[in-house]
Amino acid sequence: MKNILSKVFQIVFPFLLGGGILYWMYRNSDFSHIREVLLHEMRWEWMLASFVPGILAQVFRALRWRQSLSPMGEHCRAHTSVCAIFLSYAASLVVPRVGEFLRCGVLKRKDGVSFAKSLGTVVTERVVDMLLVLLLVAVVIVWQWEMFTEFFALTGMNLRGTLSRFTATGIWVSVLCVLGIVVLMAVLVHKLAIMRKVKAMMQDMWEGVLSLRHVSNVPLYLFYSLAIWVAYFFHYYLTFYCFGFTEHIGLAAGLVSFCTGGIAVLVPTPNGAGSWHFAVKTILVLYGLSATEAIIFALIVHTVQTLLLVALGVYALIALQMIKTRAPRTNADR
């Protein structure tokens, strides 16, 4: 019963958290205005164009994953790995972070790839991605430092001043985001504690983590790693041209809001729902948009891009049914 309640909580809590943040943000919004923008003012050709780098980002991630598995003698087909990535993102909309385990399971079932070793390479991926994101954030902060210092000088912001400017909504959103991160960390620690009990699995995972040392083509691995984040950025930035009120705010606003939104998705809600909206809206207001324009942008862009993840997940489910399962390999084959 305890395990069942724990699993139910892991599924329900992200939706409650994301739903709560979205309610606070949009409770006073004029949805007829949002519908008018969506149906009559939005340039859909730019939204469709943004799908191309969005899909490419996942394809690059699949190819990089495939490359990191090869040095361990684990070989998967390109189409299988791409479908596994598509499915993992769609699954994470239901249970945040479950996609990391699901995609390893897909390779295990379809191509006979060791689950533990593939999971180890996923850990390596996350470390590489984290380092790249931190580097990007550092560059953006240095580049936009003058804007930040001017903002602080104009507002006279300090800790007390910052707290005094928080609305009740801002306080609740911040508290919920922190609570969500704490819960996510507790769940991850619990999962790792269970996994440590399985020594052989942990050894295979460690081999996967160290797989980067044996990657045959390091420049190609670095290319994939950079291409993933360049594609993610343009997946987001091209949507600025969908709306008249965002098409002129520039690259700096795009990079700052992209980085801030990327950090916000650490909050365990479906695809960062709520936390991403709050972070992006706050930054866009800083760059001159009205609060109404910023929340319309965040709501429409996040919703459409989430639907893209769902569509890719459906495609993956269908495609995986048509991909033949490889015959199990013997020890001699390995």
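At what angle do helix 3 and helix 14 pack, and how far apart are their axes? Before I answer, let me say that this is a predicted model, in which local features need pLDDT of at least 70 and side-chain atom pairs count only at pLDDT 80 or more, while totals for chains, interfaces and linings use all residues. Residues are numbered from 1 along each chain as its sequence is written, and side-chain values use heavy atoms, with hydrogens and water left out.

Helix 3 (residues 44-69) packs against helix 14 at about 50 degrees, the axes being 11 Å apart; helices here are DSSP runs of H or I with at least four residues, numbered from the N terminus, and axes are lines fitted to C-alpha atoms over the stretch in contact, with angles from 0 to 180 degrees between N-to-C directions. The two are therefore oblique to each other, given that angles under 35 degrees count as roughly parallel, over 145 as roughly antiparallel, 65 to 115 as roughly perpendicular and the rest as oblique.

On the helix 4 side the contact includes His 79, Phe 86 and Tyr 89, and on the helix 14 side Leu 309, Gly 313 and Leu 320.

Turning to charges, the structure holds eleven salt bridges, each being a side-chain nitrogen of Lys or Arg within 4 Å of a carboxyl oxygen of Asp or Glu. One of them joins Arg 61 and Glu 125 at 3.6 Å, N to O, and this pair links helix 3 to helix 6 (residues 115-143) across 64 residues. Arg 61, at 1% relative accessibility, counts as buried, as does Glu 125 at 0%, where buried means under 20% relative accessible area, exposed over 50% and partly exposed in between, with a 1.4 Å probe and protein chains only.

Arg 77 and Asp 111 meet at 2.5 Å, N to O; here Arg 77 is partly exposed at 25%, whereas Asp 111 is buried at 3%.

Finally, Arg 103 and Glu 100 form a salt bridge at 3.1 Å, N to O, and salt bridges that share partners join Arg 61, Arg 64, Glu 100, Arg 103, Glu 125, Arg 126 and Asp 129 into one network.

Note on methods: Contact means heavy atoms within 4.5 Å.
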